[in-house]
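Trainee: Can we go through this one together? I'd like to start with a term I keep meeting.
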Amino acid sequence: MQPLTLKVDSVQLEFDGRMILQDVYLDCKQGEIVGLLGRNGCGKSSLLRIIFGILTPGFKHVSINDQYISKGYHQTRIAYLPQHNYLPRGIPIEKLAKNFIDPVFWDEFSSLDIYKDHFNKTVGQLSGGELRQLETLMIIYNKADFILLDEPFTHISPIQAELFKPIIKRCAQHKGFIITDHQYRNIIDVSDRIILISDGSTKHVKSKEDLITWGYVSHLD
């Protein structure tokens, strides 16, 4: 079976008379990780919310295998990790997990300490760090065809970030991932391709040096 392809094209987004996104094109196939970089306020998070279907732009064209979709979350085609907490606090973690997690990855997910240690609790009983870790993993292991991750590395420890990277890569054998984070080294490390948002448009990065040329960083370590 051919892998599914998510395409995002011709997105136009304006805030208070200022055009945030105006010349956007990106695609992502199942089996790959696309990293999305850009300076603060360039529209990275807005673009993910548009793809997912919770932010309405002036115009967009989002499709999976060339079939237009208006709401990415419909029929669990796309899953989205926002920067804020999203899990309902009063529902048992075990029940939430069984609704979220792809059966293909259930054995792996249920063997993780964050699940084994807390599955019989509710979300409200977790600490802030535990909650963010659980929410991130429940999206990474989600049953959706495509996974959007907004700042997955920002609110966790460096050790946890290193643990998440191989998990993302394993899950990406079956799904497509689009990931953005201010910690750009983590994005470069985990991604198969990099796309930069600059001046409202997407620029497809062919080498790390392009990030310097387009003014995203002054140098690379």
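Mentor: Start with burial, then. Buried means under 20% relative accessible area, exposed means over 50%, and partly exposed lies in between, using a 1.4 Å probe and protein chains only. Strands (E, at least two residues) and helices (H or I, at least four) are DSSP runs, numbered from the N terminus.

Trainee: What kind of model is it, and how are residues numbered?
Mentor: This is a predicted model: local features need pLDDT of at least 70, side-chain atom pairs count only at pLDDT 80 or more, and totals for chains, interfaces and linings use all residues. Residues are numbered from 1 along each chain as its sequence is written, and side-chain values use heavy atoms, with hydrogens and water left out.

Trainee: Which residues of E8 are buried on each side?
Mentor: Phe146, Leu148 and Asp150 are buried on one side, and Ile147 and Leu149 on the other. In a regular strand the side chains alternate between the two faces of the sheet. With 5 of the 5 residues buried, E8 is largely enclosed by the rest of the structure.

Trainee: What is the strand order in the sheet?
Mentor: The order is E7-E8-E9-E4-E10-E11, in an open sheet of 6 strands with mixed pairing. Two strands pair if DSSP finds at least two bridges between them.

Trainee: How many bridges does E8 make with E9?
Mentor: 5 bridges, in the parallel sense, between E8 (146-150) and E9 (176-180). Leu149 stands opposite Ile179, and Leu148 has Ile178 as its bridge partner. E7 also runs parallel to E8, joined by 4 bridges. There, Tyr80 stands opposite Leu148.

Trainee: New topic. Which strands does H6 touch?
Mentor: H6 (158-171) packs on the sheet, touching E4 (33-37), E8 and E9. Contact means heavy atoms within 4.5 Å.

Trainee: Which of its residues are buried in H6?
Mentor: Ala161, Phe164, Lys165, Ile167, Ile168 and Cys171. Their cover includes E4, E8 and E9, along with helices H3 (106-110), H5 (128-140) and H7 (184-190).

Technical notes: Axes are lines fitted to C-alpha atoms, for helices over the stretch in contact, and angles run from 0 to 180 degrees between N-to-C directions.
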